[in-house]
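Open the model in your viewer and keep the selection tool at hand. This tour goes stop by stop, saying what to select and what is there.

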Amino acid sequence: MGIGRRLKEAREKAGLTQEELAKLVGVTGSAITNYEKETSHPKEPVMYALINALKIEPNFLFQDCVDITGKKKAPSLSDEAIKLARDYDVMDSWGQRQVRMVADNELARYQELLARQQAEAEAAEMEYDLPGPQENIIEIRFYPQTASAGYGEWLDEMDSYTIQVPDTPTTRQADFCVKVAGASMEPKYFDGDLIFIKEQDDVEVGEYGIWIVDGYAYLKKRGRDTLISINPDYEDVEQGEDVRCVGKVIGKL
């Protein structure tokens, strides 16, 4: 039994649906599905949130990965794997090289497949579309705290992790990315958009950036004396003393 099956067992014992557990830990229902199927694994902050939400000990999830001495369990081998190992040992050096070459090629193919599946799982969790397999992907730092296109999102922590995104001129220039929350910057930026940020301490008037104002993060357009909301239903944000620009918006997914 792996972590995914242990997670499902704990969720069902707690009487929670996947959607209910997702809301408790701040991820999507599809993310919980992927965790339980073990097509992706929760990042450290999400893992802590799952443990707290399910009221379980960490050892419950990981008990199948280590033995009582704390050592990793050796993986079990299938009968076919044992037979292959025995056959390999009786081959001459030429035959062993051929087997090794095939094994290396197949392992590289499978690792690429797993990387793609992980990228697709992260994309589903973040609710954005990943390009087709022919597209290259890169890793970029992602902050789960949203940049508010509304009334401000409080930043009580700045933990981050990497996600995979399309390899484009924009994403290669970006230092990190965040998701948009709110509608104050519509129709240019919509709630849920993934935006890419180039770190810098200010932007030009008329450009878009991320500002921290009294501990709240805002996505706004730079005005001369204000941070502008382009949606007329929302007020602008005054630029007081406690205002800090963290970067320029250079694109979105």
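**Stop 1: a strand residue**

Select T226, which lies in strand β9, residues 226–228. This is a predicted model. Is T226 buried or exposed? Its relative accessibility is 18%, and buried means under 20%, so T226 counts as buried. Now show what surrounds T226. Leaving out residues up to four places away in sequence, T226 touches K221, D236, V237, E238 and Q239.

**Stop 2: the whole protein**

Zoom out. The protein has 8 helices and 11 strands. Of its 253 residues, 38% count as buried. Next, consider contacts between residues at least 6 apart in sequence: 60% of them join residues at least 24 apart.

**Stop 3: colour by confidence**

Colour the model by pLDDT. The mean for the protein is 78, and 77% of the residues reach 70 or more. Which element has the lowest mean pLDDT, and which the highest? Strand β3, residues 153–154, has the lowest at 44. Strand β6, residues 194–198, has the highest at 91.

Select residues 66–72. Here the pLDDT is below 50, and the stretch has 6 contacts in the model beyond near neighbours in sequence. Then select residues 150–157. The pLDDT stays under 50 there too, and the model has 23 contacts for this stretch beyond four places in sequence. Where pLDDT is low, the predicted coordinates should not be read in detail.

**Stop 4: helix α1**

Select R6 in helix α1, residues 3–13. R6 is buried, with a relative accessible area of 12%. R6 and L61 are 55 residues apart in sequence, yet their C-alpha atoms are 5.5 Å apart in space.

**Stop 5**

Select helix α2, residues 18–25, and helix α4, residues 44–54. Two packed helices are described by the angle between their axes and the distance between the axes. The axes of α2 and α4 come within 9 Å and cross at roughly 115°. The crossing of α2 and α4 is right-handed.

Show the side chains. Which residues of α2 meet α4? They are L21, L24 and V25, and on the α4 side they meet A49, L50, A53 and L54. While the side chains are showing, keep the helix repeat in mind. An α-helix has 3.6 residues a turn, so residues three or four places apart point the same way.

**Stop 6: from the loop into α3**

Move on to T28, in the loop between α2 and α3. T28 is buried, with a relative accessible area of 15%. What does the side chain of T28 contact? It makes a polar contact with the side chain of S30, at 3.0 Å. T28 and Q18 are 10 residues apart in sequence and 8.7 Å apart in space, C-alpha to C-alpha.

Continue into α3, which spans 29–37. Select the buried residues of α3: G29, A31, I32, N34, Y35 and E36. Just after α3 comes E38, with a positive phi of about 65°.

**Stop 7: helix α6**

Finish at L84, in helix α6, residues 79–90. L84 has 48% relative accessibility and counts as partly exposed. L84 and V99 are 15 residues apart in sequence and 9.8 Å apart in space, C-alpha to C-alpha.

Methods. Residues are numbered from 1 along each chain as its sequence is written. This is a predicted model: local features need pLDDT of at least 70, side-chain atom pairs count only at pLDDT 80 or more; totals for chains, interfaces and linings use all residues. Side-chain values use heavy atoms; hydrogens and water are left out. Axes are lines fitted to C-alpha atoms, for helices over the stretch in contact, and angles run from 0 to 180 degrees between N-to-C directions. Helices (H or I, at least four residues) and strands (E, at least two) are DSSP runs, numbered from the N terminus. A crossing is left-handed if the near helix is turned anticlockwise from the far one by less than a right angle, and right-handed if clockwise. Contact means heavy atoms within 4.5 Å. Buried means under 20% relative accessible area, exposed over 50%, partly exposed in between (1.4 Å probe, protein chains only). A polar contact is a pair of N or O atoms within 3.5 Å; within protein, one must be able to donate a hydrogen and the other to accept it, and residues adjacent in sequence count only if both atoms are side-chain atoms. pLDDT is the predictor's confidence in each residue, from 0 to 100.
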